[in-house]
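Open the model in your viewer and keep the selection panel at hand. The stops below are meant to be taken in order.

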Amino acid sequence: LRLDDIDAACLDRLVSDAVQEDRQLDYKEKLPSEADKQEFLADVASFANTTGGDLIYGIREARDTEGKLTGEPAEVIGLPNINLHDERLRLENLIRDGIRPRVAVMFHEVERRTRPPCLVIRVPRSWVGPHLVVFKGHDRFYGRNSGGKFRLDYEQIRDAFSAGESGRERVRAFRADRV
């Protein structure tokens, strides 16, 4: 689905169809606070290092009987009393300063008539990775699977660097062949 095609009805369908979080989808109730910056950067890097995906802000997750998040959307609540323009700039700066090499993301505000808007951040799969989170002495690589993000181990980091090099070589060869 094109980012610009995501509207309020799409978000409502995620809830009504009980679409679970997965390798390419993560729900967040609110935008990252000062305390959540490291987790936000890890989410972005994990998407960039694997298949890419969408972070959707303004969706409350359901909880199980023990109060743990289930990964299933419970309600679209939006982001009340937020200046999304300022928040976008804040998050872009955080990504620019907190992930190496840099990751280019796309932002999409989802208007909801009289209700607060939501924000979708699309993180494409990167071909120049792996991407390292560098934030307040926290230097780690992250990946993503159907259960969410995880820290990459030594072998996974080595494989990610090898895959990045072979991907760049394929692009160079393709371009040279076409030229």
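Start with C118: its relative accessibility is 0%, so C118 counts as buried. This is a predicted model. Show the sulfur of C118 and look for the closest cysteine sulfur, which belongs to C10 and lies 12 Å away, too far for a bond. A disulfide is a covalent bond between the sulfur atoms of two cysteines. There are zero disulfides in the structure, and C10 is in none, with the sulfur of C118 as its nearest cysteine sulfur at 12 Å.

Now select C10. Is C10 buried or exposed? At 14% relative accessibility C10 counts as buried, because the cut-off for that word is under 20%.

An α-helix has 3.6 residues a turn, so residues three or four places apart point the same way.

At the start, a side-chain oxygen of D7 comes to within 3.2 Å of the backbone nitrogen of A9. Just after the helix, A18 has a positive phi of about 50 degrees.

Next, select strands β3 (residues 59-63) and β4 (residues 69-76), which run antiparallel and are joined by four bridges. Which residue of β4 is the bridge partner of R63? It is L69. Five residues lie between the strands of this hairpin, and G67 takes a positive phi near 90 degrees.

Move on to the open sheet of four strands, paired antiparallel in the order β5-β8-β9-β10. The edges are β5 (99-100) and β10 (148-151); each has a single partner strand, so one side of each is left without a neighbour in the sheet. Follow β10 to its partner β9 (residues 138-145): the two pair in the antiparallel sense over four bridges. Pick Y142 and find R151 of β10 opposite.

Technical notes: Residues are numbered from 1 along each chain as its sequence is written. This is a predicted model: local features need pLDDT of at least 70, side-chain atom pairs count only at pLDDT 80 or more; totals for chains, interfaces and linings use all residues. Side-chain values use heavy atoms; hydrogens and water are left out. Two strands pair if DSSP finds at least two bridges between them. A polar contact is a pair of N or O atoms within 3.5 Å; within protein, one must be able to donate a hydrogen and the other to accept it, and residues adjacent in sequence count only if both atoms are side-chain atoms. A disulfide is a pair of cysteine sulfur atoms within 2.5 Å. Buried means under 20% relative accessible area, exposed over 50%, partly exposed in between (1.4 Å probe, protein chains only).
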